[in-house]
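Welcome! Open your viewer, keep the selection tool handy, and follow along one stop after another.

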Amino acid sequence: MRFTFCAVLAVAVGLVNASPPTAMTEKGIYAGEHLPTFNQDMFIGIRYAQVPTGSLRFRPPQPLTKSWSGQKTAVNYGNSCYSSEPNTDNRFIKQSEDCLTLNIVRPSGYEGHKLPVGVWILQQSVEGGTPIVAVSINYRVGPLGFLASEEVQKEGSLNNGLKDQVAALIWIKQNIEAFNGDSNQITIWGESAGGESVSMLMLAYGGKLETLFHRAIMESGFATTQQYHPISHWQEKYVIITKLAGCDKQSDTLNCLRQVDINKLVFITNIANERIKRQYAPTIDGDFILDWPKNLLQSGKFMKIPIISGANMDEGTSFGPGRVTNTDEVTDWLSTTYAGLNSSTVQKILTLYPDDPSKGSPFGTGDLYSGPIYGRQFKRGSAISGDIALIGPRRLTCEVWDEAGIDVYSYNWNQSDYGIPDFIGTTHFQEVVYVFDNPSTSFFQSGTAPMGPDPTGSKKSLAHLISRFFMSFIATGDPNNAKQNGTYPKWPKYSCKNPKNYYFREDDIRIEDDDWRKEAISFLNYGVDHQLLT
Ligand SMILES: *[C@@H]1O[C@H](CO)[C@@H](O)[C@H](O)[C@H]1NC(C)=O
Ligand SMILES: *[C@@H]1O[C@H](CO)[C@@H](O)[C@H](O)[C@H]1NC(C)=O
Ligand SMILES: *[C@@H]1O[C@H](CO)[C@@H](O)[C@H](O)[C@H]1NC(C)=O
């Protein structure tokens, strides 16, 4: 299971030349830009760690050392980190190894205040109604962030992409008050790989990042979403990479890889060889990731902070087998994708998710989308996939949090973006424009309008509602403290005794029982050991 690092939302900026807003960080003064349209100040492309090139390539991030006098401008976005394949969303942006930067947007006119801080782990900009300081961070992905091998392990350089996130959070902790932010009210927040990251940061070193952040929001991404492979799995890729790079004859192959021209290295790891492309992911290193995430969760080794934990109705239509027509094909897909499953577990899963299109995903659509065009068992495979990767982990997270007596709010999102075909249902990423309350019809270089060319009242209201819930959670740890435009049910805390989700869909906003597919999801969460993650 793998997630790409998703689309970029951009905020239109108007240039003004009047004296720019400034902020004094530990190392020097930054001059940003005032955005009159939003009455906000923006400081973007701020470096939070040393440039990880040369001897620092494939090494954990190193803190900044140099100070400056005078003002440095922070008005241009930094580079994107190299993605793990050529055609992901960051193809529109210049990619470089010099990418460890973050962006800050604050409301204007709050000098001397300490506002709550929301940190979005993906590279995006935020606009919101409640005064908060919004930060977005970059981190190394693909092989530059997650190369793994015995050599890398020996040196303590596994999981550098996650360590970048920690370096950014340390910078934020030390500097955010200069931007009118409160260093004791920081919420980390992400979707997909960003949600996984948020979840893993709460487990990092067994839950030891205690003072770095105080609340967390996970949208469709959890530590138990990702598959974790042993070093031996990665070693095979490492050997291919060193060979293609001409480093295999060197005594120190890793050092040799540090000297390879970056374009050559990116070509090798992204394009040249099918077996080393894509799928770079965190590794259980006995340090940053101490143990299987499920073990860490179940043994209480995580940060005890309030969370929002949500997933979409039909996540699996994006990650499942696609068109499958019979049980053999579903079986093949399941036992190949989750190679650690033994055959009796595969059989058990197939029993729990029967060959009945009316029970498959897109859920709640009866017998639609099965048959010759989509494949008789497309919905079955999609249901299994979504529950394994995201919906099961969403529920597991809620249960673990409630059992530890910590506040957790759960949602089930069922609003598709405009133009998504009906047979895909409410798949991955559909909620993102809504939580940012962004009805824009002119998205950055993509020409798409996720809420439609002319967002209707009910779509706007839905966006307004969820974004205010999130802002309230960031500001207070409870989504229910924002003034809403209209009367909506209060968002109840999740409890194992009486589990509830907020169910979001235009014209259908309500609280639902989180009791559906109980036996099946419970088996995936508690009846299968680590086989789903290997
Ligand atoms: C989700 O929403 C779709 C319409 O967008 C609807 O057809 C379907 O029944 C809903 N699913 C459930 C389980 O409520
Ligand atoms: C707020 O409520 C009013 C009255 O119901 C409605 O006209 C307006 O569109 C709503 N605004 C948003 C952003 O939901
Ligand atoms: C298959 O895996 C399950 C779940 O971990 C385990 O309980 C069972 O003993 C295994 N069965 C076989 C035949 O190995």
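Before the first stop, one definition: a residue is near a molecule if its C-beta atom, placed from the backbone, lies within 6 Å of it. Keep in mind, too, that this is a predicted model.

**Stop 1: ligand 3.** Select ligand 3 and show its surroundings: you will find Asn342, Ser344, Thr345, Val528, Asp529 and Gln531. Sorted by class, this shell has one nonpolar, four polar and one charged residues.

**Stop 2: ligand 2.** Now select ligand 2. Which residues surround ligand 2? They are Gly457, Lys460, Ser461, His464, Asn485 and Gly486. Here the shell holds no nonpolar residues, five polar and one charged.

**Stop 3: helix α15.** Select residues 518–527, which make up helix α15, and colour its buried residues: Ala520, Ile521, Leu524 and Asn525. Look down the axis of α15: these buried residues fall within an arc of 125 degrees, so they line one face of the helix. The spacing has a simple background: an α-helix has 3.6 residues a turn, so residues three or four places apart point the same way.

Stop 4: Switch to a cartoon view and trace the eleven strands of an open sheet, in the order β3-β4-β6-β8-β7-β9-β10-β11-β12-β13-β14, with mixed pairing. At the edges stand β3 (33–35) and β14, each with a single partner strand, so one side of each has no neighbour in the sheet. From one strand to the next, the twist averages 25 degrees.

**Stop 5: strand β13.** Select residues 500–504 to pick out β13, where four of the five residues are buried. With β12 (residues 408–413), β13 pairs in the parallel sense over three bridges, and Trp413 stands opposite Phe504. With β14 (residues 510–513), β13 pairs in the antiparallel sense over four bridges; here Tyr503 stands opposite Arg510. β13 and β14 form a hairpin with five residues between them, and Asp507 in the turn has a positive phi of about 60 degrees.

**Stop 6: β7 and β9.** Finally, select residues 115–121 (β7) and 181–191 (β9), which pair in the parallel sense over five bridges. Find Val117 and its bridge partner in β9, Ile186. Then show helix α4 (residues 193–203), which packs on the sheet and touches β7, β9 and β10 (215–219).

How values were computed. Residues are numbered from 1 along each chain as its sequence is written. Chains are lettered from A and ligands numbered from 1 in the order in which they are written. This is a predicted model: local features need pLDDT of at least 70, side-chain atom pairs count only at pLDDT 80 or more; totals for chains, interfaces and linings use all residues. A residue is buried if 20 or more other C-beta atoms lie within 10 Å of its own, exposed if 12 or fewer, and partly exposed in between; C-beta atoms are placed from the backbone. Helices (H or I, at least four residues) and strands (E, at least two) are DSSP runs, numbered from the N terminus. The arc is that of the directions from the helix axis to the C-beta atoms. Ala, Val, Leu, Ile, Met, Phe, Trp, Tyr, Cys and Pro count as nonpolar, Asp, Glu, Lys and Arg as charged, and the others, Gly among them, as polar. Two strands pair if DSSP finds at least two bridges between them. Axes are lines fitted to C-alpha atoms, for helices over the stretch in contact, and angles run from 0 to 180 degrees between N-to-C directions. Two residues are in contact if their C-beta atoms, placed from the backbone, lie within 7 Å.
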